[in-house]
Amino acid sequence: MTSSLWERVLPEHQRRSAEELQEDLDLSVGDVRAKQSAFWTMLVLSAVIAACGVLTDSTATVIGAMIIAPLSTPIMGIALGAVRRRIGTAGWFVLGGVALVVAVGALASLVVPSGYDLLADSQIAGRTSPGLLDLAAALATGCAGAVALARRDVAAVLPGVAIAISLVPPLVVVGVCAGQGAWWLALGALVLFVSNLLALVFAGMVVFAAIGAGTADRGPRRAYATVGVLFAAVGVLLAASTAGTVLVHLWTGRTTAAATAWLSAVPGAQVVDVQAHSRTLSVLVRTPADLPPVGDLLDALRGQVPGGVPVVVTTTEGRRIEVGRVGR
């Protein structure tokens, strides 16, 4: 039944040979000079475009960087080398590409104003707290990319795969956040990239083995085991990140309810927004009169959010009040 399914997904007459795949994915065979110059040129350009898109919070610009980013080529080369049990140079191209893109992001961080709230940029905020759904999407995208490479008739979907899998933008975010000293944000973006990389490698190995690109013996079991362990480790990190995101949403929701009740005695006052930044709950309010005693807000939050969390109230007129810490 499994073989029948693979036959439908990867028809025999449409499958590309292992030699054809290696010609496309191995940057150290064939016209090496042309391949490598194209790879590094397009990678630099995609990194610069991604940096501009991230810092201007432009989704369209970031998508453009994704389309021309060539980093998936050596990543899929790793998958092909793993199933063929041939150690090639793909890993070195990936490491070099990662270092290059992070360096571009770090240089771009020099234009970020001091004190700038990185999480106010949606292109950064969306890539620093990955979850399990990101891993599932990356795995599905990796399968789509591997199938497109393995079949001769569906190569047209590769630009869509390039958009769906996020490789260069998270690395740019790593560089920007690291350049600003926001190490936890940089780590979150790096975890997103690593999860996408492992998903591509794992999916590529499965598909390439299915079309017979692997060795004729017992197969690359060690490679599968290694990728599986790494995949599980990243899955644990993403599960923890997902749990953290759920808790933050829960706490901000409770804070919104508590702050709304706190302002209920002031006619016309309302809670505009509640966010959790840098382990601090920030409450943005609009009020036509003086605020109620801020101690009442801390009392309302006791037992609703973790003790010791700092709370800051900011009015739409720009007034900032350091309320204190919950439970203290």
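# Salt bridges, a helix crossing and a buried Asp

Reader: Which residue forms a salt bridge with Lys35, and how far apart are the closest N and O atoms?

Author: Lys35 pairs with Glu23, and the closest N and O atoms are 3.7 Å apart. A salt bridge here is a side-chain nitrogen of Lys or Arg within 4 Å of a carboxyl oxygen of Asp or Glu. The pair links distant parts of the chain: Lys35 is in helix 3 and Glu23 in helix 2 (residues 18-25), 12 residues apart. Helices are DSSP runs of H or I, at least four residues, numbered from the N terminus.

Reader: What kind of model is this, and how are residues numbered?

Author: This is a predicted model: local features need pLDDT of at least 70, side-chain atom pairs count only at pLDDT 80 or more, and totals for chains, interfaces and linings use all residues. Residues are numbered from 1 along each chain as its sequence is written, and side-chain values use heavy atoms, with hydrogens and water left out.

Reader: Back to Lys35. Buried or exposed?

Author: Lys35 is buried, at 18% relative accessibility. Buried means under 20% relative accessible area, exposed over 50%, and partly exposed in between (1.4 Å probe, protein chains only). Glu23 is partly exposed, at 39%.

Reader: How many salt bridges does the structure hold?

Author: It holds 4 salt bridges. One of them joins Arg320 and Glu322, with the closest N and O atoms 3.1 Å apart. Arg320 and Glu322 are both exposed. Arg302 also forms one, with Asp299, at 3.9 Å between the closest N and O atoms.

Reader: New topic. At what angle do helix 3 and helix 10 cross?

Author: Roughly 65°. The axes of helix 3 (residues 32-55) and helix 10 (residues 168-179) come within 9 Å. Axes are lines fitted to C-alpha atoms, for helices over the stretch in contact, and angles run from 0 to 180 degrees between N-to-C directions.

Reader: Which residues meet there?

Author: Helix 3 brings residues including Leu43, Ser46 and Val54. Helix 10 brings Val168, Pro169, Val172, Val173 and Val176. Contact means heavy atoms within 4.5 Å.

Reader: Last one. Where is Asp121 found?

Author: Asp121 is in the loop between helix 6 (90-108) and helix 7 (122-125). Asp121 is buried, yet has no salt bridge. The nearest side chain of opposite charge, Arg127, is 7.1 Å away. Lys and Arg count as positive and Asp and Glu as negative; His and the chain ends are not counted.

Reader: What is Asp121 in contact with?

Author: Leaving aside neighbours within four places in sequence, Asp121 is in contact with Val54, Leu55, Asp57 and Tyr116.

Note on methods. Helices (H or I, at least four residues) and strands (E, at least two) are DSSP runs, numbered from the N terminus.
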